[in-house]
Amino acid sequence: MLKKIALPVFLLCYTAFTTLAQKADTLSITLENVKYAYPVKYFPITVEGQDVRMAYMDVAPAQLANGRTVVLFHGKNFGGYYWTGVIKSLTSRGFRVLVPDQIGFGKSSKPFIHYSFHQMAAWNKALLDALGIQKASILGHSMGGMLATRFALMYPDQTEKLLLENPIGLEDYRRFVPYITTEQQYATELKATSESVRKYYQSSYFTLWKPEYEELVRIAGGVTNSADFPRWAKVAAMTYTMIYEQPVFYEFINVRVPTVLFIGKEDKTIVGKGLLSPDQQALYGQYRFLGKQTAAKIPGAKIIEFDGSGHIPHIEIPTEFTVALLGSL
């Protein structure tokens, strides 16, 4: 009798365990099972003998098309999924909005290649050309700000406005962050878990943690459970090296397009922050100063600063950010 009872209990526990494990392992490294707010298309690219594809959303104006386009470049730890609110605000005002997932990120391919901001800019230019978009305003957040700056430097005639939301690269990290190899960074990336992602987001990105931010953790942390996670980690290490070795810091003076910086003043982001002591960390990543310093370098640039906001104003203070963005377009 005891054996008859024990077997069903065992099966029930086993089923519950496997179901929980399946739920934990929900995300592929190309986010196939993450639903974006708008249809996703793919742009084919051949690079270093590999056929890859760049995912993107091309969202038409919701009403009264004004004939203008805004392109959104995401940050290193994100993809197009975190731009939903910005897309809705822009399309409701008549803008066409193009939202690429850069190669190596989001729903796009994760090839082992030499990652370069120059090459990324060229791919985005090719996408714009393929879609018949001759000129666009480029909004770049975090790493996307470095890419947007590179795009504006390479293609000023196609850049209507350069819009930088808490961009990284406002300092030359090589000057104070110790150098590590891509392989060393890969070993660090392999240690990532959902909990470590949450802790990093809480300490680095937001002034006050809110339950709705858990969706960002679910996506960024979910890939750590994938069987392909080592590939994701290697690409993350490669793009870390790209950021470290390819500064735009010295070229802001060469920007020749209308530029607006949107700066959350509580941001203290430093690429490679974990390699610094607490005393060293306090000396860098101070966006309340870096924003003004950078705006002063770019001819004619304007700056809009937000009190009580960290690294991602468009999520932390969406209303204030949207008002500022629409007023700058």
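Trainee: What does the side chain of threonine 239 make a polar contact with?

Mentor: The partner is the side chain of lysine 76, at 3.5 Å. A polar contact here is a pair of N or O atoms within 3.5 Å; within protein, one must be able to donate a hydrogen and the other to accept it, and residues adjacent in sequence count only if both atoms are side-chain atoms. Keep in mind that this is a predicted model: local features need pLDDT of at least 70, side-chain atom pairs count only at pLDDT 80 or more, and totals for chains, interfaces and linings use all residues. Residues are numbered from 1 along each chain as its sequence is written, and side-chain values use heavy atoms, with hydrogens and water left out.

Trainee: Where does threonine 239 lie, and is it buried or exposed?

Mentor: Threonine 239 lies in helix H8. Helices (H or I, at least four residues) and strands (E, at least two) are DSSP runs, numbered from the N terminus. Threonine 239 counts as buried because its relative accessible area is 0%. The cut-offs are under 20% for buried, over 50% for exposed and partly exposed in between, with a 1.4 Å probe and protein chains only.

Trainee: Which residues does it touch?

Mentor: Threonine 239 touches Lys76, Phe105 and Tyr115, leaving out residues up to four places away in sequence. Contact means heavy atoms within 4.5 Å.

Trainee: What counts as a cavity, and what as a pocket?

Mentor: On a 1 Å grid over the protein atoms alone, a cavity is a set of points where a 1.4 Å probe fits but cannot get out, while a pocket is an open set with protein on both sides within 12 Å along at least five of seven lines. Lining residues have an atom within 4 Å of a point. Grid points are joined across faces, edges and corners, and a volume is the space filled by probe spheres set on the points.

Trainee: Which helix gives the most to the cavity lining?

Mentor: H8 does, with 4 residues. Helix H7 (214-222) and helix H8 (229-245) each supply at least two. By class, the cavity lining has 11 nonpolar, 5 polar and 2 charged residues. Ala, Val, Leu, Ile, Met, Phe, Trp, Tyr, Cys and Pro count as nonpolar, Asp, Glu, Lys and Arg as charged, and the others, Gly among them, as polar.

Trainee: And how much space lies in the largest pocket?

Mentor: About 910 Å³. Its lining has 31 residues, and Asn77, Gln185, Thr188, Glu189 and Tyr200 are the closest to the centre. H6 provides the largest share, 6 residues. Helix H5 (182-189), helix H6 (194-204) and H8 each supply at least two. The lining of the largest pocket has 15 nonpolar, 11 polar and 5 charged residues.

Trainee: What about the second largest pocket?

Mentor: Its volume is about 170 Å³. Among the residues that line it are Val34, Lys35, Tyr81 and Ile315. H7 gives the largest share of that lining, 3 residues. By class there are 7 nonpolar, no polar and 3 charged residues.

Trainee: Different topic. How many residues of H4 are buried?

Mentor: In H4, 10 of the 12 residues are buried, including Met143, Leu147, Arg150 and Phe151. What covers the buried residues includes strand S3 (69-73), helix H3 (117-130), strand S5 (136-141), strand S6 (159-165) and H8.
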